[in-house]
Protein chains: 2
Amino acid sequence: MNVELVNTGSELMLGRVLNTHQQWLCRRLADLGHVVTRQVAIADAARDIREAVREALSRADLVITTGGLGPTSDDLTRELIAKLLGKKLVENKNVLAHIEKFFAKHNRPRPAKTSVETFVPEGALVFLNQNGTAPGLAMKIEPNHFRADKKSSWLVMLPGPPRELRPMFDDSVVPLLKREFADEIFVCRTLRTSGIGESSVQEKVENDLQPLVKMGLEVGYCARPGAVDVRLTASGAGAEKIVRDGEAVVQKILGANIFGFDDDEIEQVVVQLLMECKKTLALAESCTGGNVAHRLTNVPGASEVFLGGVVSYSNAAKEKFLGVCAESLAAHGAVSEAVAREMAAGAREKFGSDFAMAITGIAGPGGGSPDKPVGTVFIALASSTGVAVKKFLNAWDRATFKEVAATQALEWLRQTLSA
Amino acid sequence: MNVELVNTGSELMLGRVLNTHQQWLCRRLADLGHVVTRQVAIADAARDIREAVREALSRADLVITTGGLGPTSDDLTRELIAKLLGKKLVENKNVLAHIEKFFAKHNRPRPAKTSVETFVPEGALVFLNQNGTAPGLAMKIEPNHFRADKKSSWLVMLPGPPRELRPMFDDSVVPLLKREFADEIFVCRTLRTSGIGESSVQEKVENDLQPLVKMGLEVGYCARPGAVDVRLTASGAGAEKIVRDGEAVVQKILGANIFGFDDDEIEQVVVQLLMECKKTLALAESCTGGNVAHRLTNVPGASEVFLGGVVSYSNAAKEKFLGVCAESLAAHGAVSEAVAREMAAGAREKFGSDFAMAITGIAGPGGGSPDKPVGTVFIALASSTGVAVKKFLNAWDRATFKEVAATQALEWLRQTLSA
């Protein structure tokens with residue numbers, strides 16, 4: 001089966017926006033057994049869109065377009081595709097009712113422009129948009145005259161905003177694919193690790209994986225801030241067993257550093273473990289500036305185990321909210337083992353939590369010194385057994401530093417909770 | 001001038017890696033006056049690469065490929081392109097010397113595999129790789145038989161790793177482009193707004209922009225969480241004036257809602273304004289869970305004006321750290337105007353800041369009720385003149401809700417500071 005993606009958006013071609021649709025859709029499709037063969041991005045220009053869709057339809061069994069379904073003048077996809085396929089646009093009452101309900105729910109009058117969104121190509125399947133107004137559309141083109149063999153193809157049009165596209169794909173496109181395309185055998189498993197570098201991960205596992213690679217296992221490594229993914233894929237008969245055997249090899253070697261699988265995020269695993277252990281957590285964040293709290297509170301239900309945190313960005317806040325001694329700050333500085341220790345102990349006591357973590361460091365670009373260079377970070381973990389402190393050096397840019405330090409704190413807590 | 005990008009890499013098609021080359025190269029090229037018309041991604045598969053390069057060469061004046069130049073078995077680009085153009089691969093002594101020096105510098109023996117990197121298509125320009133071994137390559141194809149008009153095209157091949165590709169583009173490709181392609185005039189300006197929806201933004205400005213559109217102005221709208229970008233572009237003679245005039249029109253109509261330009265983030269603008277006004281800020285975050293603090297502390301130098309925040313995710317934390325009355329919590333609930341007000345006042349007092357903002361709401365998916373549905377949020381702003389509260393309904397998924405609420409809080413503070 002041949003799948004192609006067509007991403008439209010002038011902002012993509014100007015390099016103003018990162019194309020996250022490609023990765024997200026490729027990944028979801030691969031997980032369903034369909035590896036995308038080609039992805040194309042073009043501007044919101046009629047000629048380019050028409051040509052890209054026509055070419056994709058000349059090759060693919062499934063074409064997915066993203067973007068260009070909204071109400072503004074640069075949203076051209078719906079109309080162009082209707083014309084290309086010789087279909088009229090007809091008003092759809094369900095879409096109209098849905099859009100009216102959407103604006104009523106948001107307490108806003110419906111802008112007149114949204115009317116164009118209620119017109120859909122004759123005969124198209126309509127996916128109502130649970131997070132916006134523009135519906136998704138799907139059409140079976142049968143026969144597909146753009147193909148030399150005239151076989152049928154499916155054309156699926158999805159709205160551009162990720163928060164609209166993603167749930168729509170899962171809720172509406174996945175069932176369509178399962179119905180229309182018999183699953184092909186393709187197995188992909190990602191083991192997510194933390195606390196080891198990318199080349200060390202590879203060095204540790206590659207020899208033991210070699211026999212499976214000869215049998216068709218493909219191994220990929222991907223470094224993320226504070227984490228490394230090991231990706232195992234195989235296809236065809238026996239794929240499932242080859243990937244499962246590969247997973248067992250990696251598990252045996254890296255087990256303690258594997259925090260999750262596939263789409264697991266370390267913060268989800270930590271919230272889950274806290275729930276299972278019925279323990280609560282508080283935070284005292286300095287250099288991560290609320291990033292750990294932000295990531296934890298992205299997990300639905302986090303409020304059951306996360307009591308709160310203090311973003312103690314000033315020395316006064318460290319003293320006032322966490323009870324850090326002025327003497328410790330003066331003697332050791334805010335970025336020190338002693339202050340990290342007091343921050344964690346203070347947060348645990350004031351919030352009355354089972355665990356508390358504190359992070360203090362130098363995110364840069366300024367503020368470094370010879371003995372405490374930019375990237376220095378102290379992380380403390382307070383529990384009923386006392387307070388422990390670890391020191392790391394994360395010599396990255398500011399944003400990566402914050403992300404890596406947050407992951408290090410979460411990984412330490414995860415290891416503690418799993419022990 | 002027609003520019004196309006061809007990105008190769010199986011990891012891209014499996015969705016395991018984000019294609020950052022597209023954004024980076026599109027942006028750099030746009031800044032040089034060359035807007036990319038089409039970008040294609042394909043796997044490391046001979047047939048797909050050959051077909052994509054052939055198609056690009058049939059249309060474009062400049063084709064840039066990324067990836068596939070390394071020493072391993074899935075690096076196919078160099079050989080395939082040589083074959084496609086009927087060129088022999090010949091050993092290049094400069095590349096050999098460069099690679100030998102590279103390994104000597106790293107105190108490692110040169111792997112035998114790297115020999116393939118020393119072979120380049122006959123007549124190709126070679127860009128030595130300052131951060132790796134595989135050289136970049138450029139070829140002028142004259143005449144280009146893949147084009148109907150047989151005009152010449154340039155084909156540039158760059159290595160895949162961003163830390164190799166980016167400096168090579170700046171050091172070697174930019175001079176080539178400046179030499180070979182007279183700079184075309186292309187002007188792009190993005191005005192970033194907050195507090196108005198996408199269709200309303202267009203409704204407000206489109207009529208007044210119409211005369212400029214007739215003169216060649218292109219207008220694009222892009223919705224982000226809590227923000228809408230208006231992008232003005234033009235090319236050719238007079239482009240600068242057309243875009244400047246367009247900017248003046250949008251400024252006049254949306255002025256109060258424009259928080260920045262091009263790459264400005266609202267949190268950068270807020271930190272900048274606080275610095276200019278010499279004012280300090282504290283936060284009391286409930287439903288945003290530290291996201292506002294996280295975004296503010298992404299800005300270098302934020303510590304000069306941001307004193308800190310409390311992530312008061314539990315009622316106990318609201319009472320203890322912010323002095324919210326137990327009675328208010330009992331009478332009105334944690335998500336209420338009264339509690340938002342007390343949180344902001346408490347944060348301002350305890351941190352001793354000039355301004356304090358509080359955010360309390362229902363992020364979902366659970367926790368909603370008929371009179372306080374998921375998405376309800378109260379935002380309070382405390383200053384020397386008292387405390388004001390606004391209510392919003394952000395009926396989005398949890399992550400978007402947090403992002404939108406954070407932007408609403410930052411936008412309110414921005415407006416207050418700019419007033």
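The structure described here is a predicted model. The model scores ipTM 0.78 and pTM 0.79. For chain A the mean pLDDT is 93, with 99% of the residues of chain A reaching 70 or more.

Twelve strands, written 12 in the count, make up an open sheet with mixed pairing, and their order is β6(A)-β7(A)-β8(A)-β3(A)-β1(A)-β2(A)-β2(B)-β1(B)-β3(B)-β8(B)-β7(B)-β6(B). Its edges are formed by β6 (125-127) of chain A and β6 (125-127) of chain B, each of which pairs on one side only. On average, neighbouring strands in this sheet are turned by 15° against each other, direction ignored. As a reminder, strands of a sheet pair through backbone hydrogen bonds, and they can do so in parallel or antiparallel fashion.

Where do the two chains meet within the sheet? Strand β2 (residues 36-42) of chain A and strand β2 (residues 36-42) of chain B run antiparallel and are joined by five bridges. In one of the pairs to look for, I42(A) has R38(B) in β2(B) as its bridge partner.

Three bridges link β6(A) with β7(A), and the two run antiparallel; here V126(A) stands opposite L137(A) in β7(A). Strand β7 (residues 136-141) of chain A is in turn joined to strand β8 (residues 153-158) of chain A by five bridges, again in an antiparallel arrangement. Along this pair, M139(A) stands opposite L155(A), and I141(A) stands opposite S153(A).

The contact between the chains involves 71 residues of chain A and 67 residues of chain B. On the chain A side, helix α2 (residues 20-31) of chain A supplies the largest share, eight residues. Sorted by class, the side of chain A that touches chain B holds 30 nonpolar, 27 polar and 14 charged residues.

Stepping back to the whole of chain A, the domain assignment gives domain 1 (3-180), domain 2 (186-261) and domain 3 (266-418). The centres of domain 1 and domain 2 of chain A, taken over C-alpha atoms, are separated by 35 Å.

R189(B) is found in strand β9 (residues 186-194) of chain B. Why does R189(B) count as partly exposed? It does so because R189(B) has 17 C-beta neighbours inside 10 Å, a number between the limits of 12 or fewer for exposed and 20 or more for buried. Apart from neighbours within four places in sequence, R189(B) is in contact with L232(B), V243(B), E247(B) and F261(B). R189(B) and D263(B) are 74 residues apart in sequence, and their C-alpha atoms are 9.9 Å apart in space.

Note on methods. Residues are numbered from 1 along each chain as its sequence is written. Chains are lettered from A and ligands numbered from 1 in the order in which they are written. This is a predicted model: local features need pLDDT of at least 70, side-chain atom pairs count only at pLDDT 80 or more; totals for chains, interfaces and linings use all residues. Domain bounds come from an automatic or database domain assignment. Two residues are in contact if their C-beta atoms, placed from the backbone, lie within 7 Å. Helices (H or I, at least four residues) and strands (E, at least two) are DSSP runs, numbered from the N terminus. Ala, Val, Leu, Ile, Met, Phe, Trp, Tyr, Cys and Pro count as nonpolar, Asp, Glu, Lys and Arg as charged, and the others, Gly among them, as polar. Two strands pair if DSSP finds at least two bridges between them. pLDDT is the predictor's confidence in each residue, from 0 to 100. Axes are lines fitted to C-alpha atoms, for helices over the stretch in contact, and angles run from 0 to 180 degrees between N-to-C directions.
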